[in-house]
Amino acid sequence: MEVTLNHFLFVSGLLFAIGLAGVLVRRNVIVIFMCLELMLSAANLSLVAFSRYNVTPGGDADYNAQVFLFFIITVAAAEVAVGLAIIVALYRAKQTTDITQINSMKN
Amino acid sequence: MLDLLFYIFATLSVVGALGVIVNKNPVTSAFSLIAAFIGLAALFIQLDAYLVGIIQILVYGGAVMVLFLFIIMLMDLPSEERRKFGWGPVAGGILLGCVFVVQLVRVLADYSAGSRVMQDLPVGAASDVEQIGKLMFTQYYFPVQVVGVLLLVATIGVVVLSKKELD
């Protein structure tokens, strides 16, 4: 069976669902952050798939989507740097990365 | 041949993603995530997005995951593995994931444009690096500047956050 646009969209959605389940299931804040990165990358896959299958009138791929993806990757890299710095600061204050232990704003 | 490669790399990325949430040890999770990112980069390259695929490997597989592993190493995490296992979040996560996948299948089944096959790119067209570069430094020049400022702000923010004493 030839690979169609739906195949790529399904893989993208499946990875997104796995990342979403991971955010809810896991309690280590670093693994939750990894799952967030996974969801971001999964969304990128559907963007690239649409860019390749929706050809422009000249028959070429739509490169605007890939420029957009470049910006997404840049923002994701900045987000990882800031997020991990926050996690390190949190670990210094609480000595744990378990999200069930970090609930001081609850009471 | 290309179809076979699609299935191989899609399986690699899905198995890697499952490994992230199944493994107890954060280091193993990080390495599974690297496998998932490499599979995703291979899918990008199969979609003729060479630049994006290479950037995916360099930025995600390289820089971001090294940063994750460095932080995990810094924190000495494996000592917190043994703790009681809550079934509530696990059931909720799996249920929500399944609901999402079912909904995805229903939507894709109705999406008629999704059954199109890949057309060959025109012969002699400019490479993707050239086209993306042209777009980025003409039409999207202002966003590039904004992203540069964002990276600068993030760098300063990380330095401020990581300082021992904030006085």
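**Where chains A and B meet**

Okay, so let's start with the contact: 65 residues come from chain A and 71 residues from chain B, counting two residues as in contact if their C-beta atoms, placed from the backbone, lie within 7 Å. Bear in mind that this is a predicted model, where local features need pLDDT of at least 70, side-chain atom pairs count only at pLDDT 80 or more, and totals for chains, interfaces and linings use all residues. Residues are numbered from 1 along each chain as its sequence is written, and chains are lettered from A in the order in which they are written.

On the chain A side, α1 (5–25), α2 (29–53) and α3 (63–94) each supply at least two residues; helices here are DSSP runs of H or I, at least four residues, numbered from the N terminus. The largest share, 22 residues, is from α3(A).

So what does α3(A) meet in α5(B)? Tyr63(A), Asn64(A), Gln66(A), Val67(A) and Phe70(A) touch Asp128(B), Gln131(B), Ile132(B), Leu135(B) and Met136(B). The two helices, with α5 of chain B being residues 128–137, pack at about 70° with axes 9 Å apart (axes are lines fitted to C-alpha atoms over the stretch in contact, and angles run from 0 to 180 degrees between N-to-C directions). That makes α3(A) and α5(B) roughly perpendicular, a label covering 65 to 115 degrees.

Over in chain B, 15 of the 21 residues of α2(B) are buried, so that helix is largely enclosed by the rest of the structure; buried means 20 or more other C-beta atoms, placed from the backbone, within 10 Å of a residue's own. Just past α2(B), Asp48(B) has a positive phi of about 60°.

How values were computed. Buried ≥ 20, exposed ≤ 12 C-beta atoms within 10 Å, placed from the backbone. Parallel < 35°, antiparallel > 145°, perpendicular 65-115°, else oblique.
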